[in-house]
Amino acid sequence: MNIQISDSVKYIGVDDTDIDLFESQYEVPDGVSYNSYLILDDKVALMDTVDIRKIDDWEENLKRELAGRAVDYLVVSHLEPDHAGSIKRVIELYPDVTIVGNAKTFTMFPQFFEISLEGHSLVVKEGDTLELGKHTLSFYMAPMVHWPEVMVTYESNEKILFSADGFGKFGAVLTENEEDWACEARRYYFNIVGKYGASVQQLLKKTAGLDIEMICPLHGPVLKDDLGYYIGLYDIWSSYKPESKGVLVAYASIHGNTKKAAEKFAEMLKDSGEEKVSLFDLSRDDMAEAIEDAFRYDRMVLVAASYDAGVFPCMQDFLNHLQSKSYQNRTVGIIENGSWAPTAGRTMKSMLEVMKNITVLEPMVTIKSTLKEENMSALMELVNAVTNAGINIV
Ligand code: FEO
């Protein structure tokens with residue numbers, strides 16, 4: 001499959017389907033793309049490079065589309081190695097190229113590359129423009145979306161926003177994939193950019209006045225239709241509002257008894273009319289997906305075994321992740337299990353207390369080793385509390 005943009009703007013990105021873990025932590029069963037674009041005009045601008053893992057495929061695409069021309073400008077939106085990994089090769093191939101970045105780009109550049117850019121760099125700041133011929137690039141700083149040097153570029157002739165990591169998504173793009181965009185874009189957003197919601201909000205405000213017909217991100221598909229849908233989701237996600245009414249039930253079980261309690265609780269929630277209940281085994285399921293669902297829904301119930309006078313480690317890990325991603329504005333229920341002196345509940349509660357605007361529901365339910373009839377009334381009370389706390393989202 002070839003990604004068509006226009007006669008002058010070419011997609012020259014690559015898919016990485018043999019990477020084991022993106023950023024050495026995220027499962028990417030459908031791979032990931034490293035997007036790179038060429039704008040062919042009187043001057044040729046290359047919009048970012050790709051991870052060095054795929055340099056050969058990318059170089060082939062680059063040379064094919066250049067058809068013998070040279071690159072005049074290399075615009076560096078983001079210095080993270082999944083995009084900047086092949087910069088050195090551009091300089092080797094096109095020694096007259098000018099590297100375009102902002103002041104922070106060039107502060108960080110020598111940390112990654114021992115290359116002198118003397119006479120070969122162009123420092124841009126907010127609102128600066130660069131004429132290529134018919135195409136004009138304008139630069140907008142987007143610090144902490146997802147690194148401090150990030151900037152986005154707007155091309156006014158074809159109304160394209162080159163959005164860096166923003167609007168990116170896990171998954172290869174050159175193979176047929178009918179998957180709903182939001183699914184892997186949401187997992188990508190909350191795990192990669194989620195901590196920096198305020199920065200994303202600033203960028204959305206900054207670009208709201210631009211007439212955008214196409215978004216070209218650094219990962220995932222080029223977005224052409226119904227841009228309001230994608231921008232609307234980014235607005236919800238970056239403002240830490242729940243996207244959907246639903247309950248994430250996340251459990252951490254050692255021998256399966258806590259799992260049984262979580263499954264029973266999820267079943268009771270459904271029987272009480274909850275339409276969306278998402279159940280996660282934190283020991284085995286994808287942690288990044290559990291984090292995605294924690295942000296997606298308005299409520300969460302944590303079910304965990306006690307361990308070493310605290311909580312079973314995968315739950316601790318999950319809560320640490322949520323805190324680092326700025327989890328906030330949600331309602332949470334707690335079910336703890338313990339065989340002699342349960343400690344999971346108070347540990348989870350104290351970890352939630354440092355997060356912003358979290359309401360912990362009463363009652364906190366305590367199970368001793370296995371779920372029994374005597375626990376059912378407290379469990380039902382918590383089901384009612386969770387159900388009553390649900391908010392309607394339009
Ligand atoms: Fe896709 Fe932050 O790099």
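This passage walks through the predicted model of one protein chain, from its overall layout to a few individual residues.

The C-alpha trace of the protein chain spans about 80 × 40 × 35 Å along its principal axes. Its secondary structure comprises 12 helices and 22 strands. The chain has 394 residues, of which 59% count as buried. Contacts between residues at least 6 apart in sequence were also examined, and 72% of these join residues at least 24 apart. The domain assignment divides the chain into domain 1, covering 9-238, and domain 2, covering 244-387. A distance of 38 Å separates the C-alpha centres of domain 1 and domain 2.

The two domains meet at an interface that can be described from several sides. Domain 1 brings 10 residues to the contact, and domain 2 brings 11 residues. Together, domain 1 and domain 2 bury about 970 Å² between them, with 49% of that area on carbon and sulfur atoms. Three residues stand out on the side of domain 1: Arg-186, Phe-190 and Asn-191 supply 51% of the area that this domain buries against domain 2, more than any other three residues. Polar contacts also cross the interface, where 4 residue pairs are found, both members being at pLDDT 80 or more. On the side of domain 1 that touches domain 2, the elements giving two or more residues are strand S4 (26-27) and helix H5 (181-193). Helix H5 gives the most to this side, with 5 residues. By type, the residues on this side of domain 1 divide into 3 nonpolar, 3 polar and 4 charged.

Side chains of opposite charge can pair when their charged atoms come close. Between domain 1 and domain 2, the count is 2 salt bridges. Arg-186, one of the three residues named above for their share of the buried area, forms a salt bridge with Glu-292, and the closest N and O atoms of this pair are 2.9 Å apart.

A search of the whole structure brings the number of salt bridges found to 19. One of them links Lys-159 with Asp-211, with the closest N and O atoms 3.9 Å apart. Lys-159 lies in the loop between strand S13 (151-155) and strand S14 (160-162), while Asp-211 lies in the loop between helix H6 (197-207) and strand S15 (214-216), so this pair ties together parts that are 52 residues apart in sequence. Lys-159 is partly exposed, at a relative accessible area of 23%, and Asp-211 also counts as partly exposed, at 43% relative accessibility.

Asp-281 pairs with Arg-284, the closest N and O atoms being 3.1 Å apart. Asp-281 is buried because its relative accessible area of 7% falls under 20%, whereas Arg-284 counts as exposed because its relative accessibility of 65% is over 50%. Some salt bridges share partners, and in this way Glu-59, Lys-63, Lys-88, Arg-89 and Glu-92 are joined into one network. Glu-65 forms a salt bridge with Arg-64, with 3.4 Å between the closest N and O atoms. Arg-64 counts as partly exposed, at 45% relative accessibility.

A few backbone features also deserve a look. The peptide bond from Glu-362 to Pro-363 is cis, with omega near -5°. Pro-363 is placed in the loop between strand S21 (356-360) and strand S22 (365-368). Although Ser-369 is not a glycine, it has a positive phi of about 70°. Ser-369 is partly exposed, with a relative accessible area of 26%. Asp-308, likewise not a glycine, has a positive phi of about 50°. The loop between strand S18 (297-307) and strand S19 (310-311) holds Asp-308, which counts as exposed at 71% relative accessibility.

Ser-8 counts as buried because its relative accessibility of 19% is under 20%. Leaving aside residues up to four places away in sequence, Ser-8 touches Leu-38, Ile-39, Leu-40, His-135 and Glu-158.

Notes:
Residues are numbered from 1 along each chain as its sequence is written. Side-chain values use heavy atoms; hydrogens and water are left out. Domain bounds come from an automatic or database domain assignment. Contact means heavy atoms within 4.5 Å. Buried area is the accessible area (1.4 Å probe) that two parts lose on being put together, summed over both. A salt bridge is a side-chain nitrogen of Lys or Arg within 4 Å of a carboxyl oxygen of Asp or Glu. A polar contact is a pair of N or O atoms within 3.5 Å; within protein, one must be able to donate a hydrogen and the other to accept it, and residues adjacent in sequence count only if both atoms are side-chain atoms. Helices (H or I, at least four residues) and strands (E, at least two) are DSSP runs, numbered from the N terminus. Ala, Val, Leu, Ile, Met, Phe, Trp, Tyr, Cys and Pro count as nonpolar, Asp, Glu, Lys and Arg as charged, and the others, Gly among them, as polar. Buried means under 20% relative accessible area, exposed over 50%, partly exposed in between (1.4 Å probe, protein chains only).
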